[in-house]
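Have the viewer open as you read.

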Amino acid sequence: MTRWRKILILLSVIGPGIITANVDNDAGGIATYSMAGAHFGYTLLWALIPITIALIVVQEMSARMGAVTGKGLAELIRENYGVKITFWLMLFLFVTDLGNTAAEFAGWAASNEMFGVNKYVSVPLGALIVWLLVVKGSYRVVEKIFLVICLVYLVYIPAAIMAKPDWSDVALQTFKPSFHFNTIYIVMLIGVIGTTIAPWMQFYIQSSIVEKGIKKEEYWASRIDVIFGCFMTDFIAFFIIVACGATLFKAGIRVDSAEAAAKSLAPLAGGHASVLFAIGLANASLFSASILPLATAYYICEGMGWEAGISKTFKEAPQFMWLYTILIAIGALIVLIPNAPLISIMWISQVINGMMLPPVLILMLFLINKEELMAQYRNSRTFNWIAWATVGIMIAMTATFVVTLFI
Amino acid sequence: MPFFAGEIFVSEIINKPVLDQTGEELGRLRDIVISAGEPFPAVSALVVAAGRTVYVIPWDIVNLFNRRVISVNILKKNITPAVVSPNDILISRDMLDKQIVDIDGAKLVRVNDLELGDVKGKLSLVAADIGLRGLLRRLGFESRGEKLLSLFGYKLQHKLIGWHYLQPVEPRLSKLTLTVSGQKVAQMHPADLAEIISEVSQKERTALFGSLDVETAAEALHELEPQVQADIIDDMSKEKASDILEQMPPDEAADVLGDLPEAKAQELIQMMDKDEAEDVQELLEHEDNTAGGLMTTEFLSFPEDMTVEDAIRDLRLAAPDVESIYYLYIVDAEERLVGVISLKNLILARPHEKMHEIMKTPVKTLPPDAKQTDVAELISKYNFLAAPVVDENMIMHGIVTVDDVLDFLLPTASRKKRRRR
């Protein structure tokens, strides 16, 4: 293969990995990183390195299964482990992703309010935009729009530079793990790591690779897509922590949300940094408010055997389109109903999310080692050790994170 | 030979204990081996597992096989563990939960459960359950789900696809394909065809219909739900649509046209053959649920002085174009209905007898505005296959046949089953 041909394949395959990883920095992710920076300065930066590795290990396996089997994760689970486990998994994941979608709309509403837009205007408008995008668009077009959205995340880089951090200290803290025996620090660390991998990501990346029609011959390019995406995501997270660490932490401002961080940046790093932060949050929230319902519609339709896909029409894939529509409508409504228990909804969805992660990851590891499915694309012995260790640690961290939710 | 009765769903028997001759438990039923055979693959062996030990028990030595007891004609100590051959087709492993796609590869649904039944004395795989009921059964909620839904007045229906509509089985299939293509479709009964057509997606439906000859398409179309009929006609070229409508009995064509938007219906009528169009137009003017709306304008009428011999000859010529030939209606010179002769009596009569000598009078008739319940009452009371519709001057306009009456008496039973979900 000539080099040009390779580059061409790479460019045509790239997308699912970058998109899925970037949604990891959703409204909740940005809030977590802002709080980490504000509360602990640069001392949590080192955690981004193991997070990146864990993200790559897990996402790569899903992408590989999609390219090799041509089937989504929910499809594989149903065909190999039966309807019972699939049904309960889908049911619980539906609930948690609905809660998370509401949380994304809340992030979108909060960032819009910073620009003086009322949530009764911004939320219906945002919901309509993401709905039209998927219902009217084809996969190719929607993916390109998503990739452009991913570029908007880069606004956090100038925001961090405006905060004028001490770059040598930043570099030192990034590569020198430190640990503080302090309850809040540990809870924060667990929160940062424990929310890195969510079940929906595994389903989404695999489904989008299947819908894109990536073959095992092109898989090498998809692997680059996944690795690049994971690095990019944590690169953005890095700048969020740095921006907050250089300003809010120094000034002793302890924020508890992403929009509070954006607001507090104005006097410290200038109005521009504050605006960039708000734009980043708005972009990330709306992006995730589309991807989460999309992932949910994918896995439920795959599990039930219904036609699914962004390129399909309402007539061709009615269940898929209705699920997407209903999730967006309910997610948006929860934010708009006065006194809706948003905090409790998010709390419940985080708990279920944490509880669903172990079965999903373990089933994934079983599936990827099945010879009749993966043949020579199974995990190698060494990679299996790494994968099981990663999955074990992630499950432990997530479990601990769920426990901290009850404290 | 094994004893089995009625139909059994795989989910009801998987994991049930399997007993030997003395009633000792051999293990649990893990899977069922079937042999490839068309159209319904027969059960050839049972896979029984006790812990890690696996027995493959040939179907011949199975004694009882039903949802309560599974027993075999052998002693536990006499069977040796075996392995499943890689070429064996296992029902649970290879069929359950698999994707069903239509001929064009569009995904429809997954196999929620499988039904075994008697085919020529052999227990065979007869159908795939694709409905909510099958799903609930697998989850162990069938009876609870049924009760819950009955509170809302909803009856949980079985939704099965006969195995003969699915491709022949092979080991380790990744999906099952509906075999609604080419010649197989042409050989199907229109009612079965309609069942399949309701299952496939809109796009494939139109393609499938396009591939049928006009006659088959006309028959299948009538079996579909009104909304589906309208969708199909809408997607078809106008020429083809009007050809199909011409081919249908006028009352059925009128039913289909009645569900289309007025403008579209009129446009199609314009394109139809003139005589057919007039009949359909007349029928469209009657209320749907009256004798006039139910009737067809195709019937046999003969003058009263015609001989039996001539009538039989004319009947032969006219019969291919007429839906119902079981009654011959006798009219006088002013076209007034005066009597009726059943096909049986016509054939039994001597050749030179005249119609008015053998006809029955008076005739039980219906006015065009008779309610459909009155129509049903008359037909059922006198055990008619059809009843004539006449105006106040006894001029005959059409007949209502017993199948038209059944269609409105049992619409849910015959049509709901075909509904997609």
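Here is a short tour of the packing, the sheet and some local backbone features.

Before anything else, this is a predicted model: local features need pLDDT of at least 70, side-chain atom pairs count only at pLDDT 80 or more, and totals for chains, interfaces and linings use all residues. Residues are numbered from 1 along each chain as its sequence is written, while chains are lettered from A and ligands numbered from 1 in the order in which they are written.

**Helix pairs in chain A**

Two helix pairs are set out below; helices (H or I, at least four residues) and strands (E, at least two) are DSSP runs numbered from the N terminus. Axes are lines fitted to C-alpha atoms, for helices over the stretch in contact, and angles run from 0 to 180 degrees between N-to-C directions.

| Pair | Angle | Axis separation |
|---|---|---|
| H3(A) (residues 27-40) and H10(A) (residues 183-194) | about 155° | 10 Å |
| H16(A) (residues 342-368) and H18(A) (residues 381-406) | about 165° | 9 Å |

H3(A) and H10(A) are therefore roughly antiparallel, a label for angles over 145 degrees. Their crossing is left-handed, meaning that the near helix is turned anticlockwise from the far one by less than a right angle. On the H3(A) side the contact uses Thr32(A), Ala36(A), His39(A) and Phe40(A), and H10(A) answers with Ile184(A), Tyr185(A), Met188(A), Gly191(A) and Val192(A). Contact here means C-beta atoms, placed from the backbone, within 7 Å. Sorted by class, these residues are six nonpolar, three polar and no charged. For the classes, Ala, Val, Leu, Ile, Met, Phe, Trp, Tyr, Cys and Pro count as nonpolar, Asp, Glu, Lys and Arg as charged, and the others, Gly among them, as polar.

H16(A) and H18(A) are likewise roughly antiparallel, and they cross in a left-handed way. Among the residues that meet are Trp347(A), Met355(A) and Leu365(A) from H16(A), and Trp388(A), Phe401(A) and Leu405(A) from H18(A). This contact has 16 nonpolar, three polar and no charged residues.

**Where the chains touch**

Chain B puts 16 residues into the contact and chain A puts in 12. On the chain B side, S10 (99-101), S11 (107-110), H3 (132-139) and H7 (202-211) each supply at least two residues, with S11(B) giving the largest share, four residues. The chain B side splits into six nonpolar, four polar and six charged.

S11(B) also belongs to an open three-strand sheet in chain B, ordered S11-S10-S15 with mixed pairing; strands pair if DSSP finds at least two bridges between them. S11 and S15 (175-177) of chain B are at the edges, each with a single partner strand, so one side of each has no neighbour in the sheet. The twist averages 30° from one strand to the next. S10(B) and S15(B) pair in the parallel sense over three bridges, and Gln99(B) has Lys175(B) as its bridge partner.

Which peptide bond is cis? The one from Thr361(B) to Pro362(B), with omega near -15°. Pro362(B) is in the loop between H17 (355-358) and H18 (372-381) of chain B.

Two non-glycine residues have positive phi: Ala375(A), near 45°, and Asp97(B), about 70°. Ala375(A) lies in the loop between H17 (371-374) and H18 of chain A, and Asp97(B) in the loop between H2 (91-94) and S10 of chain B. Buried or exposed? Ala375(A) is exposed, with 11 other C-beta atoms within 10 Å, whereas Asp97(B) is buried, with 23. The cut-offs are 20 or more other C-beta atoms within 10 Å for buried and 12 or fewer for exposed.

Definitions and conventions:
Angles under 35 degrees count as roughly parallel, over 145 as roughly antiparallel, 65 to 115 as roughly perpendicular and the rest as oblique. Two residues are in contact if their C-beta atoms, placed from the backbone, lie within 7 Å.
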